[in-house]
Amino acid sequence: MKMSSERSRYKIRGSHRNQTFLGVIRKDPDTYCWTWKGEIDFDDGHNVSFSSEGTFDTNLEAEDCMRQFARDHIDGRLSFTRPDRL
């Protein structure tokens, strides 16, 4: 019997609008569902930690959701702190 060599944990590094985010995508060994958690390191020194509220069937779904969450949070915070914002 051949065992699957699929990894059960992935580290993700990315950036959006020059703000760095890090994430970990993890597969639960009991349920085989994927979750994520991450952190955004803003240039001004502010750091935000976040995690998934649900589970995902594949690591790609979890990664896409984590990246979208980070991008949305970065966009929201940067637009909130812009001096020309009404």
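**A positive patch on the surface.** R9, K11, R13, R26 and K37 come together on the surface as a patch of positive charge. The model is predicted: local features require pLDDT of at least 70 and side-chain atom pairs count only at pLDDT 80 or more, while totals for chains, interfaces and linings use all residues. Residues are numbered from 1 along each chain as its sequence is written, and side-chain values use heavy atoms, with hydrogens and water left out. Patch residues have over 30% relative accessible area and no salt bridge, with like charges joined within 9 Å; areas follow the Shrake-Rupley method with a 1.4 Å probe. Strand β1 contributes the most to the positive patch, with three residues, and K37 is placed in strand β3.

**The overall chain.** Of the 86 residues in the chain, 30% are buried (buried is under 20% relative accessible area, exposed over 50%, partly exposed in between).

The structure contains four aromatic pairs (ring centres of Phe, Tyr or Trp, the last by its six-membered ring, within 6.5 Å; planes under 30 degrees apart are stacked, over 60 edge-to-face, the rest tilted). One of them is the tilted pair of Y10 and W34, with 5.8 Å centre to centre and 40° between the planes. Because Y10 lies in strand β1 and W34 in strand β3, this pair ties together parts that are 24 residues apart in sequence. Both Y10 and W34 are buried. The pair of W36 and F50 is edge-to-face, because the ring centres are 5.6 Å apart and the planes stand at 70°. W36 belongs to strand β3 and F50 to strand β4 (residues 47-51), so the pair joins parts 14 residues apart in sequence. W36 and F50 are buried, and ring pairs link W36, F50 and F69 into a cluster.

Three salt bridges are found in the whole structure (a side-chain nitrogen of Lys or Arg within 4 Å of a carboxyl oxygen of Asp or Glu). In one of them, D75 meets R17 at 2.5 Å, N to O. D75 is in helix α1 (residues 59-81) and R17 in the loop between β1 and β2, 58 residues apart. D75 is partly exposed at 28% relative accessibility, whereas R17 is exposed at 54%. D44 and R77 form another salt bridge, with the closest N and O atoms 3.0 Å apart. As D44 lies in the loop between β3 and β4 and R77 in helix α1, this pair ties together parts 33 residues apart in sequence. D44 is exposed at 53% relative accessibility, while R77 is buried at 18%. Within helix α1, E63 and R67 are four residues apart and therefore separated by about one helical turn; their side chains meet in a salt bridge of 3.0 Å, N to O.

**Loop residues with positive phi.** Most residues other than glycine have a negative phi. N18, which is not a glycine, has a positive phi of about 65°. N18 lies in the loop between β1 (9-16) and β2 (19-27) and is exposed at 67% relative accessibility. Y32 likewise has a positive phi, near 65°. Y32 is placed in the loop between β2 and β3 (34-41) and is exposed at 57% relative accessibility.

Conventions. Helices (H or I, at least four residues) and strands (E, at least two) are DSSP runs, numbered from the N terminus. Buried means under 20% relative accessible area, exposed over 50%, partly exposed in between (1.4 Å probe, protein chains only). Patches are made of residues with over 30% relative accessible area and no salt bridge: like charges are joined within 9 Å, nonpolar side chains (Val, Leu, Ile, Met, Phe, Trp, Tyr) within 5 Å. Lys and Arg count as positive and Asp and Glu as negative; His and the chain ends are not counted. The place of a charge is taken as NZ of Lys, CZ of Arg, CG of Asp or CD of Glu.
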